[in-house]
Number of protein chains: 2
Amino acid sequence: MTAPALAVIAGAGDLPRRVALSAREQGRRVLVVLLRGAGDPAAFPDFETVTIGVGQVGRLVRTLKAHDISDLCFIGAVIRPDLASLRPDLGLIRRLPGLVAAFRGGDDKLLRYVTELARGEGFRVVSAAEIAPDLMAGTGIVSLRQPGPSERDDARTGLRLIDDLAAHDVGQAVVVAGGRVLAIEAAEGTNAMIDRIRDMRASGRLRLADRTGLLVKAAKRGQDMRMDLPTIGPETVRRVAAAGLSGLCLRAGEVIIAERDETIRLADAHGLVLIVEPRSATS
Amino acid sequence: MTAPALAVIAGAGDLPRRVALSAREQGRRVLVVLLRGAGDPAAFPDFETVTIGVGQVGRLVRTLKAHDISDLCFIGAVIRPDLASLRPDLGLIRRLPGLVAAFRGGDDKLLRYVTELARGEGFRVVSAAEIAPDLMAGTGIVSLRQPGPSERDDARTGLRLIDDLAAHDVGQAVVVAGGRVLAIEAAEGTNAMIDRIRDMRASGRLRLADRTGLLVKAAKRGQDMRMDLPTIGPETVRRVAAAGLSGLCLRAGEVIIAERDETIRLADAHGLVLIVEPRSATS
């Protein structure tokens, strides 16, 4: 039995290629669908690729069927498109009523809609983490610097808070410093939340010793990991350093490290800790 | 038995005068201590007043003792001072080691320190809500517009979230829209959190119908109500309107409405709902 053929629906960043390579290693036939304006054709010289606009749902479905694809994996960054700029094809317009409703809801609602849409067309949506488990941060201290007791406490405090927030479908990330919760992420996203710490320090609203505070990030419990994988990368580390925090804590198996080598190199260059807590410690 | 003499330590806004009047009605002798740069001398023509800088702790203690004051009530807005701009007197310098430590902590820690300091000098710190219970929003729909079912749901969702956050000593306010949590307040304060919604709408990060979303505000459970009373006022309402939200929900007995008439007038002028949920509904 060969593994079923897979289409990697590729946004930006290095993750789509890592998923495509893992899938090939598992003996899958792989088609890379580059989302126009996001996926990078130059990253896939050794793969069969096709470029499709986000609004070209009809064309996407026909292409997948022509290539005899059964499994889909969505991976990589995509700026949430304007409905106006979608330039929808007929395939999309037929499916539009549900999509318009989904656009009004949160990210989860939109992603669930896309998953359901794919399923309705007979595809199976698989998680990038399932295809390439090594994308996920493994347990341990990834940085050169080891965390102190206060950083370990803040890590646990943050993970417990994220778990308590899960019932409310909110909070993929928080910032904790010396036991005090400084910021909780909701609709603004992780980057904006980190930048808020930087701004509060600059304005004097927040008075903290330099290099205090931990960014703590994990999946919301019940999060659909097929579509929306919590991710950090070099940009996250740069912002954490600019905000004067002392490091990051991720929960193992729940957060992807994009451009892993560069991310770890940057954390070390800034003297940050990068902790990956085992799941059992807090959940 | 006459009620004990009270010093109202007065910051900015209309609340100090309302507390002073209530205390006088209760038969208390009242001294108004205007905090320099915050308390307004013109608001107290009919009270005995003294003006004291925030750093003049020695002078404050001597003044209170000279006036035979036993009870203190801190009320009104004070910008958290820079340690550098305090111009401390000897009385403050003697107490400085603890204060410096308190400044490093959160607002709660600082306020608890001031309360302990007052207690150590033999004073009793009483809550403004205890002196003037009518400062607190009473239960009901305060606005002309009645809330719809979705607004009532968002109110309950927000209050439940605030209660779940209490264990983490965070979250006096949240914004909820159609069941989705858009923002959670931590160190940034309520105003900055509301403005974030406005900014996310302007940038297109948040796509919501106009006039959706409720600001929900309550005391953290376990909050020291003697020093840090959650407050809304005209400025809150203006920001809620500017952020395109549909209204506010407070929990009865936990949130002060400053400049009540103007606050309600503004809410009505913007067509906002102002809901005061009874405590029993959610806690």
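Okay, housekeeping. Residues count from 1 along each chain as its sequence is written, and chains are lettered from A, with ligands numbered from 1, in the order in which they are written. The model is predicted, so to speak of local features I need pLDDT of at least 70, side-chain atom pairs count only at pLDDT 80 or more, and totals for chains, interfaces and linings use all residues, while side-chain values use heavy atoms, with hydrogens and water left out.

Let's start with cysteines. With a disulfide taken as a pair of cysteine sulfur atoms within 2.5 Å, the count over all chains is 0. Cys73(B) is at 0% relative accessibility, so it goes down as buried; that word means under 20% relative accessible area, with exposed over 50% and partly exposed in between, using a 1.4 Å probe on protein chains only. Cys249(B) is buried too, at 0%.

Now the core. A nonpolar core here is a set of buried Ala, Val, Leu, Ile, Met, Phe, Trp, Tyr and Cys residues joined through side-chain atoms within 4.5 Å. The largest one has 34 residues, and those touching the most other members are Leu165(A), Val174(A), Ile184(A), Leu165(B) and Ile184(B). Take Leu165(B): leaving aside neighbours within four places in sequence, its contacts (heavy atoms within 4.5 Å) include Leu161(A), Leu165(A) and Ile184(A), plus Ile184(B).

On to the sheet in chain A. Six strands make an open, mixed sheet, ordered 6-13-11-9-7-8. Strand 6 (140-141) and strand 8 (180-184) are the edges, each pairing on one side only. Strands are DSSP runs of E, at least two residues, numbered from the N terminus, and two of them pair if DSSP finds at least two bridges between them. Strands 11 (247-251) and 13 (273-277) of chain A run parallel over 5 bridges, and Arg251(A) has Glu277(A) as its bridge partner in strand 13.

Arg251(A) comes up again with Ala218(A), which touches it along with Leu159(A), Gln172(A) and Glu254(A), among others. Where is Ala218(A)? In the loop between strand 9 (214-217) and strand 10 (231-232) of chain A. Ala218(A) is buried, at 0% relative accessible area. Gly253(A) is 35 residues away from Ala218(A) in sequence, yet the C-alpha atoms are 8.9 Å apart.

Definitions and conventions
Helix = DSSP H or I, 4+ residues; strand = E, 2+ residues; numbered from the N terminus.
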